Amino acid sequence: MSATPMKASGTVSLGHVPAPPTRTAADKLYDLLVWGGILLLLAISFGPAEISKVTRLFTNSENMQTFSTRLVNPDFSEWRLYVRQMWLTVQVAIWGTCLAVIMAIPFGFMCASNVAPSWLVWPMRRLMDFLRSVNELVLGLIFIVAVGLGPLAGVLAIALHTAGVLAKLFSEAVESIDSRPVEGVRATGAAKLHEIMWGVLPQVAPLWTSYALYRFESNSRSATVLGLIGAGGIGAKLMESMNSFQYEQTAAIGIIIVVAVTLIDMLSQAMRSRLL
């Protein structure tokens with residue numbers, strides 16, 4: 001006796017192919033406005049961004065040829081100095097990231113709408129917006145005025161900017177947690193702090209760790225740039241070699257920076273795979 005598929009009320013037979021989803025006219029209009037707006041912005045920005053001058057890369061190439069020729073002959077005669085300065089740059093990134101994480105943990109909870117009261121969430125989010133919007137270079141210049149030239153200005157600049165970035169990421173992780181573990185802790189009569197420690201932190205700790213490691217990688221590059229304004233590290237030597245047209249030394253410094261950032265990325269991946 002052959003079995004035939006039965007079609008019950010409200011169900012679809014096995015041989016029936018559902019129709020492809022259709023999009024409403026409102027959805028199509030929304031997409032048209034979005035992509036049309038992007039194209040319009042590109043067209044408006046074409047002149048102010050001087051995109052038409054891109055041909056100068058090929059028509060006035062004599063200087064670039066000379067520059068490139070000298071770059072392929074790096075001078076490592078002062079490699080010990082470059083390595084010491086690169087290590088100082090990494091130390092600035094380490095301390096800046098560490099201080100940022102310490103600040104971002106309480107700030108992240110204060111910005112999370114499912115943990116903090118609404119009267120606290122809005123002003124804290126605006127404060128974090130402000131910290132994120134001010135570039136490390138601007139903060140570095142401010143701290144150079146406050147504490148003088150040197151690595152401390154770079155540490156403080158990275159710490160404040162990164163705290164604003166991590167606080168936003170941390171708060172979004174807190175807002176996306178599963179509420180059931182928190183409710184279970186609350187059902188035992190635990191205080192609010194215990195709910196956070198035993199219901200929230202175990203859920204967000206892996207994601208927070210990943211965010212912090214990523215920002216450390218980014219801050220290693222930012223610390224290099226901060227050296228250009230006198231905030232310590234190898235950036236100062238990079239600017240000095242560029243200004244004195246010692247492009248062979250510039251190439252050597254660039255290679256050391258690339259190697260250091262690559263090693264940091266490999267270490268970060270190893271730590272992430274170990275911890276997560």
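A: Start with the contacts of N219. Setting aside neighbours within four places in sequence, N219 touches A93, T97, E136, I158 and T162. This is a predicted model. N219 itself sits in helix α9. Is N219 buried or exposed? Its relative accessible area is 0%, and buried means under 20%, so N219 is buried. Now look along the chain. N219 and V90 are 129 residues apart in sequence. In space, their C-alpha atoms are 8.5 Å apart.

Next come the helices around this spot. One of the contacts of N219 is E136. E136 also belongs to the meeting of α6 with α7. Helix α6 covers residues 136–147, and helix α7 covers residues 151–175. Their axes lie 8 Å apart, at an angle of about 135 degrees. The two helices are therefore oblique to each other. The crossing of α6 past α7 is right-handed. On the α6 side, the meeting residues are E136, L139, G140, F143, I144 and V147. On the α7 side, they are L152, A153, L156, A157, I158, L160 and H161. By class, this contact has ten nonpolar residues, two polar and one charged.

Helix α7 has another partner, α4. Here the angle is about 40 degrees, and the axes are 6 Å apart. This crossing, too, is right-handed. The contact of α4 with α7 holds 23 nonpolar, six polar and one charged residues.

Now to the nonpolar cores. In soluble globular proteins, nonpolar side chains tend to be buried together. The largest nonpolar core in this model has 25 residues. Inside it, Y82, M86, I234 and I257 have the most contacts. Which elements give two or more residues to this core? They are α4 (79–111), α6, α7, α9 (192–226) and α11 (247–275). The largest share, seven residues, comes from α11. So α9, the helix that holds N219, is one of the contributors.

Look at Y82 in turn. Beyond its neighbours within four places in sequence, Y82 is in contact with D75, I234, K237, Q249, A252, I253 and I256. A second core is separate and has 21 residues. It includes A100, F109, A163 and L166.

Technical notes:
Residues are numbered from 1 along each chain as its sequence is written. This is a predicted model: local features need pLDDT of at least 70, side-chain atom pairs count only at pLDDT 80 or more; totals for chains, interfaces and linings use all residues. Side-chain values use heavy atoms; hydrogens and water are left out. Axes are lines fitted to C-alpha atoms, for helices over the stretch in contact, and angles run from 0 to 180 degrees between N-to-C directions. Helices (H or I, at least four residues) and strands (E, at least two) are DSSP runs, numbered from the N terminus. Angles under 35 degrees count as roughly parallel, over 145 as roughly antiparallel, 65 to 115 as roughly perpendicular and the rest as oblique. A crossing is left-handed if the near helix is turned anticlockwise from the far one by less than a right angle, and right-handed if clockwise. Contact means heavy atoms within 4.5 Å. Ala, Val, Leu, Ile, Met, Phe, Trp, Tyr, Cys and Pro count as nonpolar, Asp, Glu, Lys and Arg as charged, and the others, Gly among them, as polar. A nonpolar core is a set of buried Ala, Val, Leu, Ile, Met, Phe, Trp, Tyr and Cys residues joined through side-chain atoms within 4.5 Å. Buried means under 20% relative accessible area, exposed over 50%, partly exposed in between (1.4 Å probe, protein chains only).
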